[in-house]
Amino acid sequence: MPVLVTTLIITTAVSIALETVPDLPDWAPPILVVVEIGAVVIFALEYVLRLIVARRPLRYALSPMGIVDLLSFLPSIILLLPDYAAFRTLRLIRLVRLLKLAQGEDAAGRLGRAVAAVKDELIVVLFAGMIVLYLSAVGIYLFEHREQPEAFSSIPASMWWAIATLTTVGYGDVVPITTGGRIFTGIVMLIGIGVVAVPTGLIATALMALKKHGHNKH
């Protein structure tokens, strides 16, 4: 059952994405409808069975995962009604079923415990990242404002460049043209690698510790 549900969740996620593709072949929409109906039937059946076997059905129904289970099929039922024009905004709520992937997964539980174990360190890194972000915006503003007054009109406007550069995304819509600005950009990029790597390393270390602790218990 977990394998079936996981496969169905992934399949319907792909189906929902394909629904937004324009000019689909004539044979595609009926297949997508069949996939959605199949998902509704299976998810609804799973929800009813969970209610039946639960010691406290109401407690399960009102729990976060019970609500996720309900929302995994309820919006689709509404959308299958003859007149659902008023409910078109509910279409993407079907993606709530992706949260079902986290049910019963030991790995997801370990990840949550790992984040909780290093939350203080992550908060420190977050604040340090915000300070670096602000200083990066100030620095590029000082270097580039005179040459590019429209692109770097103010420090808040320079924040977009700082975010794109620190995350090493580099969209390229706003780039430095001065020598000082380019050197500064290189430094910010190197710092950005650390900003991303530090929290990743903290979480990875905590995960390894939890996994090792689990093996020692067995």
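This is a predicted model: local features need pLDDT of at least 70, side-chain atom pairs count only at pLDDT 80 or more; totals for chains, interfaces and linings use all residues.
## Surface and overall make-up

The chain has 218 residues, and buried residues make up 27% of them. Its secondary structure comes to nine helices and zero strands. Read along the sequence, the pattern is α-α-α-α-α-α-α-α-α.

Contacts tell us how the chain folds back on itself. Take the contacts between residues at least 6 apart in sequence. Of these, 62% join residues at least 24 apart.

## A salt-bridge network

How many salt bridges does a search of the whole structure find? The search finds two.

Start with Glu46 and Arg50. These residues form a salt bridge, and their closest N and O atoms are 3.2 Å apart. Both sit in helix α2, four residues apart, so about one helical turn separates them. Their surroundings can be read from their accessible areas. Glu46 is buried, because its relative accessible area is 6%, and buried means under 20%. Arg50 is partly exposed, with a value of 33%.

Now turn to Asp69. The side chain of Asp69 meets that of Arg50 in a salt bridge, at 3.7 Å from N to O. Asp69 belongs to helix α4, which covers residues 64–71, while Arg50 belongs to helix α2, so this pair ties together parts that are 19 residues apart in sequence. Is Asp69 buried or exposed? Asp69 is buried, with a relative accessible area of 1%. Salt bridges that share partners join Glu46, Arg50 and Asp69 into one network.

Helix α2 spans residues 28–53, and Ile52 lies in it. Is Ile52 buried or exposed? Ile52 is exposed, because its relative accessible area is 62%, and exposed means over 50%.

## Putting it together

Glu46 is buried, whereas Ile52 is exposed. Arg50 is partly exposed. Arg50 has a salt bridge with Glu46 and another with Asp69.

Key: Residues are numbered from 1 along each chain as its sequence is written. Side-chain values use heavy atoms; hydrogens and water are left out. Helices (H or I, at least four residues) and strands (E, at least two) are DSSP runs, numbered from the N terminus. Buried means under 20% relative accessible area, exposed over 50%, partly exposed in between (1.4 Å probe, protein chains only). A salt bridge is a side-chain nitrogen of Lys or Arg within 4 Å of a carboxyl oxygen of Asp or Glu. Contact means heavy atoms within 4.5 Å.
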